[in-house]
Amino acid sequence: MDAEKEKQAKEMPKCNPLTQAQFLLWKRQKDADSSARKAEASRKREEDIAAGTVQMNGRELFLHEPWVFDNSQY
């Protein structure tokens with residue numbers, strides 16, 4: 001058992017401890033990258049909908065063409 005633990009300890013890379021400030025900086029960068037990617041995807045989706053190149057889901061159809069859901073004619 002001891003030999004197995006020593007082998008695992010040798011195989012594991014040595015890591016430097018992460019400070020709270022470093023973690024918060026990394027987290028802020030990660031959140032900013034994530035929100036930028038989501039905003040870009042949303043902008044592209046809106047452009048594609050305006051161009052008519054993609055099919056809209058129900059919510060998008062209701063927001064862009066509410067006359068489709070007008071039941072007053074029946």
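Visitor: Which residues does the UniProt annotation "domain: ZC3H15/TMA46 family C-terminal" cover?
Guide: Residues 12-70, according to the UniProt record, an unreviewed entry. UniProt positions are given in the numbering used here, feature names are shortened, and annotations may be inferred rather than shown by experiment. This is a predicted model, where local features need pLDDT of at least 70, side-chain atom pairs count only at pLDDT 80 or more, and totals for chains, interfaces and linings use all residues. Residues are numbered from 1 along each chain as its sequence is written, and side-chain values use heavy atoms, with hydrogens and water left out.

Visitor: How much helix and strand over residues 12-70?
Guide: That stretch is 66% helix and 0% strand, with its end C-alpha atoms 64 Å apart. Helices (H or I, at least four residues) and strands (E, at least two) are DSSP runs, numbered from the N terminus.

Visitor: Switching topic, how many aromatic pairs in the whole structure?
Guide: Two. Rings of Phe, Tyr and Trp (its six-membered ring) pair if their centres lie within 6.5 Å; planes under 30 degrees apart count as stacked, over 60 as edge-to-face and the rest as tilted. Phe23 and Trp26 make a tilted pair, 5.7 Å centre to centre with 40° between the planes.

Visitor: Where do Phe23 and Trp26 sit?
Guide: In helix α2 (residues 20-51), three residues apart, so about one helical turn separates them.

Visitor: And the pair with Phe62?
Guide: Phe62 and Phe69 pair edge-to-face, 5.5 Å centre to centre and 65° between the planes.

Visitor: What's the relative accessible area of Phe62?
Guide: Phe62 has 48%, which is partly exposed (buried means under 20% relative accessible area, exposed over 50%, partly exposed in between, with a 1.4 Å probe and protein chains only). Phe69 is partly exposed at 40%.
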